[in-house]
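These are my notebook entries on a single protein chain. I set down what I looked up, entry by entry.

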Amino acid sequence: MAKETPKTRRCGSQNPIVFHDYESFIAKFADKPKTTDDCYTPQDVYEAVVEYVGTVVDLTGKQILRPFFPGSDYENAEYPADGIVIDNPPFSIFTKICRFYSERGIPFFLFGPGLTIGSVFEYCTAVIVSNSVRFSNGAMVRVNFASNLFGDLVIVTAPSLSKAIGRCPSQNQKVNLPKYAYPAELVSVSDLQTICNRGIRFAVRRGECVTVRNLDNHPKKGLFGAHLLTTPAMAAAKEAAKEAAKEAAKNVIPVTLSEREKAIVAGLGQQNSRPLG
C-alpha cells in the first residue's frame, strides 16, 4: 500500500494525544477502567526514551504524541503534521499499530515486546535494547522498540538507550558489583550445585580439604559462607567436573542452512554493499 501524506491537523492543547506533561497524561484515564494493555510507563523511563529519540531526529518544534490510554482510539486520533508518536502501546495489537503508522507516514517510536519484536520487520525498524523494564504497576517486562525513523534499517541496537533506561531511579537496578575469579583450590557450594545439576557425582574427603571463610588476598567482605580449600589434585578434578557440567548444559543440536537458503544468502547485498557506519 502506498504511503499517505500526513495531513495538517488541528492540534494544541485541545488535542488529547498531544503530550504536555506526565500528570496531564495520567489524568486522561484516572477514572477509566484498567486493562492488561494499559500504559504504566514510569516517567523517568519515558523521558529517557524521548531524550534518545532526540539523538535520532531533531525534535525542535515537534509535538510529542501519546495516543495510547484507556478509552483512546489511535486510528481516529488527530495527528499534527509536526507530531511524532512516542508511546507505549498495547502489545496485543502491536504489529497492527506499527503497520498503521508506517503506511500513513506518521513518525513513531514505540515500546514493543522483547522477544517477538521481529513481527515489525516488514513495516519498520526493530530497535534492540538489553533491558527489562519495571513498569509502574510492578510488572517486569522485557522490551524492545519499533520505529520508522531509521530509514531502510531492519534492525539496530541502541546501547545508549539501554544505559539510559538502566540509570533511571524507577528501575532500581542492582549495583554492578565486582566479580572475582577464585583459585581452583577453593571449592564453593555453588560449584557443587552446578556440578550436581548436570548429574555429575563429585566428593571431597576430609583429609583433602580444610574449611575457610576468607582468603588472605580477598577484599574486606570476604567469602559468603564457608568454603573448602583443597589439594591441587582435587582442584583439577573439580574443574574437570565443572567443564563436564557446562558441556552437558549446552545440549546443542546444530542446524545448518539448506542449499536453497545458502543461495539466498549469496544473493544478499549485491545492490547495496556499503557497510553500515
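Is Asn131 buried or exposed? I find that Asn131 counts as buried, because its relative accessibility is 8%; buried means under 20% relative accessible area, exposed over 50%, and partly exposed in between, with a 1.4 Å probe and protein chains only.

**Basis of the entries.** I note that this is a predicted model, in which local features need pLDDT of at least 70 and side-chain atom pairs count only at pLDDT 80 or more, while totals for chains, interfaces and linings use all residues. Residues are numbered from 1 along each chain as its sequence is written, and side-chain values use heavy atoms, with hydrogens and water left out.

**Asn131, continued.** I placed Asn131 in the loop between β4 (125-128) and β5 (132-134). Helices (H or I, at least four residues) and strands (E, at least two) are DSSP runs, numbered from the N terminus. A polar atom of the Asn131 side chain lies 3.0 Å from the backbone oxygen of Ser162. Leaving aside residues up to four places away in sequence, I list Val141, Arg142, Val143, Ser162, Ile165 and Gly166 as touching Asn131 (contact means heavy atoms within 4.5 Å).

**Whole chain.** I recorded seven helices and ten strands in the protein chain. Of its 277 residues, 35% are buried. Among contacts with a separation of 6 or more, 62% are between residues 24 or more positions apart. The accessible surface comes to about 17,600 Å², with 54% belonging to carbon and sulfur atoms; accessible areas come from the Shrake-Rupley method with a 1.4 Å probe, and for residues only the protein chains shown count as cover.

**Cores.** I next looked up the nonpolar cores, each a set of buried Ala, Val, Leu, Ile, Met, Phe, Trp, Tyr and Cys residues joined through side-chain atoms within 4.5 Å. The largest has 27 residues, of which Val49, Val53, Ile86, Phe109, Val127, Phe145 and Leu161 touch the most other members. At least two residues of this core come from each of α2 (43-56), β2, β3 (108-113), β6 (140-147) and α4 (159-166). The largest share, seven residues, is from α2. Beyond four places in sequence, I noted that the contacts of Phe145 include Val49, Phe109, Ile117, Val127, Leu161 and Ile165.

**Salt bridges.** How many salt bridges does the structure hold? I count seven, a salt bridge being a side-chain nitrogen of Lys or Arg within 4 Å of a carboxyl oxygen of Asp or Glu. Arg66 pairs with Asp87, with the closest N and O atoms 3.1 Å apart. This pair links distant parts of the chain, 21 residues apart: Arg66 is in the loop between β1 (63-65) and β2 (83-87), and Asp87 is in strand β2. Both Arg66 and Asp87 are buried.

Glu239 forms a salt bridge with Lys238 at 3.2 Å between the closest N and O atoms. Arg260 forms a salt bridge with Glu261, the closest N and O atoms being 3.8 Å apart. Arg260 is exposed, with a relative accessible area of 57%, and Glu261 is partly exposed at 29%. Elsewhere, salt bridges that share partners join Asp191, Lys238, Glu239 and Lys242 into one network.

Notes
A polar contact is a pair of N or O atoms within 3.5 Å; within protein, one must be able to donate a hydrogen and the other to accept it, and residues adjacent in sequence count only if both atoms are side-chain atoms.
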